[in-house]
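Work through these exercises with the model open beside you. Try each task before you read its solution.

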Amino acid sequence: MQGNIGSDGALAAVANYRWSSSLISKANVQIMPGSAQGLIQLDNDYTGSDFSASLKAFNPSILEGGLTGIFIGSYLQSITPGLALGLEAMWQRAGLGAKPETALSYCARYKADDWIASAQLQAQGTINASFWKKLSDKVEAGVDMNLQFAPSGNPMMGGSLQREGTTAIGAKYEFRASTFRAQVDSDGKISCLLEKRVAMPISLTFAGEIDQVKQTAKIGLAVSFEMASEELMEQQESGELASVSPPF
């Protein structure tokens with residue numbers, strides 16, 4: 001269990017408890033100053049020999065005289081060593097005066113030695129499919145597609161079915177001391193990310209994005225410091241760990 005309070009008075013706390021080797025419970029609480037409502041998330045995950053199940057609750061409450069909040073339950077069953085099928089159910093109600101809403105989605109995943117394919121079908125008419133493949137020891141690539149079906153106009157007056165979709169293609173290349181990621185999607189966005197380890201405790205991250213449709217561009221830089229163990233620092237100072245110069 002750990003928590004922290006920011007300079008602005010924001011409170012964040014996380015707690016994990018493992019009941020057994022298969023069952024674990026998690027709790028996440030966030031309270032912002034001046035906000036009427038915070039965030040409470042409760043997770044319970046169970047992993048069996050050939051299946052996994054989880055139950056999540058977001059801001060659950062019975063103080064209004066009834067059950068409110070968002071509840072999500074999911075179940076994934078392995079059919080073969082590579083094929084798994086599952087479903088996810090969602091129930092939510094913002095308040096007692098609001099009507100409860102439910103949604104059900106189905107998913108499938110197939111995992112091979114060097115590639116993974118998955119697909120998800122939601123009740124609202126959304127289809128999501130993804131494919132990932134390891135091309136070599138240093139190169140990985142993937143494709144993600146999202147397709148939405150929504151009625152256009154009045155269905156009673158002969159309204160048509162509107163289709164909207166996006167596709168993204170990404171790749172990852174690992175150098176000796178850095179990692180490069182790039183992605184391009186059908187909306188005209190091109191983004192890239194470079195993570196480079198300068199020294200043992202210091203890492204630099206460069207990010208950039210170009211939106212061809214909106215004619216906008218973004219660029220970012222981040223510096224992170226990691227506290228290494230005393231044994232690792234002593235090895236670096238004594239020269240036992242030779243520094244490796246990356247290609248760039």
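**Exercise 1.** Which type of pairing joins the side chains of Lys134 and Glu140, and is each residue buried or partly exposed?

*Solution.* This model is predicted.
Step 1: Start with the general idea. Side chains of opposite charge can pair when their charged atoms come close.
Step 2: Check the distance. The N to O distance between Lys134 and Glu140 is 3.6 Å. The cut-off is 4 Å, so a pair of this kind within it is a salt bridge. Lys134 and Glu140 form one.
Step 3: Check the accessibility. Lys134 has a relative accessible area of 31%, so Lys134 is partly exposed. Glu140 has 19%, so Glu140 is buried. Buried means under 20%.

**Exercise 2.** Find which residue pairs with Arg181 in a salt bridge, and state which strands the pair ties together.

*Solution.* Step 1: The partner is Glu195, with the closest N and O atoms 3.4 Å apart.
Step 1: Compare with the surface. Arg181 is partly exposed at 31%. Glu195 is partly exposed too, at 33%.
Step 2: Look at another pair. Lys172 and Glu174 form a salt bridge, with their closest N and O atoms 3.2 Å apart. Glu174 is partly exposed, with 30% relative accessible area.
Step 3: Finish with the count. The protein has 4 salt bridges.

**Exercise 3.** Decide whether Thr68 is buried or exposed, and list what Thr68 touches.

*Solution.* Step 1: Locate Thr68. Thr68 sits in strand S6 (residues 68-78).
Step 1: Read the accessibility. The value is 5%, so Thr68 counts as buried.
Step 2: List the contacts, leaving out residues up to four places away in sequence. They are Asn59, Pro60, Ser61, Arg93, Ala94, Gly95 and Leu96.
Step 3: Of its 248 residues, 15% count as buried.

**Exercise 4.** Name the residues that make the nonpolar surface patch of about 490 Å².

*Solution.* Step 1: The patch is made by Leu87, Leu104, Tyr106, Leu121, Ile127 and Met145.
Step 1: Take Leu104. Leu104 belongs to strand S8 (residues 101-111).
Step 2: Patch residues need over 30% relative accessible area. Leu104 has 33%, so Leu104 is partly exposed.
Step 3: Consider the whole surface. The accessible surface of the protein is about 17400 Å², and 59% of this belongs to carbon and sulfur atoms.

Methods. Residues are numbered from 1 along each chain as its sequence is written. This is a predicted model: local features need pLDDT of at least 70, side-chain atom pairs count only at pLDDT 80 or more; totals for chains, interfaces and linings use all residues. Side-chain values use heavy atoms; hydrogens and water are left out. Patches are made of residues with over 30% relative accessible area and no salt bridge: like charges are joined within 9 Å, nonpolar side chains (Val, Leu, Ile, Met, Phe, Trp, Tyr) within 5 Å. Accessible areas come from the Shrake-Rupley method with a 1.4 Å probe; for residues, only the protein chains shown count as cover. Helices (H or I, at least four residues) and strands (E, at least two) are DSSP runs, numbered from the N terminus. Buried means under 20% relative accessible area, exposed over 50%, partly exposed in between (1.4 Å probe, protein chains only). Contact means heavy atoms within 4.5 Å.
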